Amino acid sequence: TSTYGIITMRNNNITAPSVSTLCQNITDSSDVVNGMDPDSRFKKDAANNSEVHNLLIMDKKTYEVLHVHRFAPTEWGLSVFSYHCNEKDYFVVGTAFVNEEDSESKDGRLIVFRWDGTTLNQGASHD
């Protein structure tokens, strides 16, 4: 692929700028979790969670961050696999929904993203 897919985590309680907040192209998880739309879910849960997990799409040659995808506040990115097909880069991300009351995560998703050089699209998701 011509890009890297990197999973990052940042502390939401730190106000210093980070690449995941300064990027011009940022998207949020589009799936509805717990019956809430993404915008209200992020506003409600962001204050309660100190960790925010992201998928960064970076140019392989310049290391410029081209796009940031933020996962839901309780969703942690755990693994990423990339492949190139038909002039597009694809990233498959494995996530877990983390509940502080549980010793291990019981839920998660596999999400397929498609990068066409300018836009990151969520192609498929499986719980």
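**Ground rules.** I am working from a predicted model, where local features need pLDDT of at least 70, side-chain atom pairs count only at pLDDT 80 or more, and totals for chains, interfaces and linings use all residues. Residues are numbered from 1 along each chain as its sequence is written, and side-chain values use heavy atoms, with hydrogens and water left out.

**Strand β3.** I began with β3, residues 51-59. Strands here are DSSP runs (E, at least two residues), numbered from the N terminus. I checked burial next, with buried meaning under 20% relative accessible area (1.4 Å probe, protein chains only). In β3, 7 of the 9 residues are buried, so the strand is largely enclosed by the rest of the structure.

**Partners of β3.** I then looked up pairing, which needs at least two DSSP bridges between two strands. Strand β1 (residues 3-11) runs antiparallel to β3, and 9 bridges join them. Across that pair, Thr-8 stands opposite Asn-54. β3 is also joined to β4 (residues 65-70) by 5 bridges, again antiparallel. There, Leu-55 has His-69 as its bridge partner. β3 and β4 make a hairpin with 5 residues between them, and I noted that Tyr-63 in the turn has a positive phi of about 65°.

**Cores.** Which residues make up the largest nonpolar core? I found 10: Leu-55, Ile-57, Leu-66, Phe-71, Phe-91, Val-93, Ile-111, Phe-113, Trp-115 and Leu-120. A core here is a set of buried Ala, Val, Leu, Ile, Met, Phe, Trp, Tyr and Cys residues joined through side-chain atoms within 4.5 Å. The elements giving two or more residues are β3, β6 (88-97) and β7 (107-115), and β7 gives the most, with 3 residues. A second, separate core has 5 residues, including Cys-23, Leu-56, Met-58 and Val-65.

**Phe-113.** Leaving out residues up to four places away in sequence, Phe-113 touches, among others, Leu-55, His-69, Phe-71, Phe-91, Val-93, Leu-120 and Gly-123.

Between β7 and β8 I noted 6 bridges, antiparallel, with Val-112 opposite Ala-124 in β8.

Technical notes:
Buried < 20%, exposed > 50% of the residue type's maximum accessible area, 1.4 Å probe, protein only. Helix = DSSP H or I, 4+ residues; strand = E, 2+ residues; numbered from the N terminus. Contact = heavy atoms within 4.5 Å.
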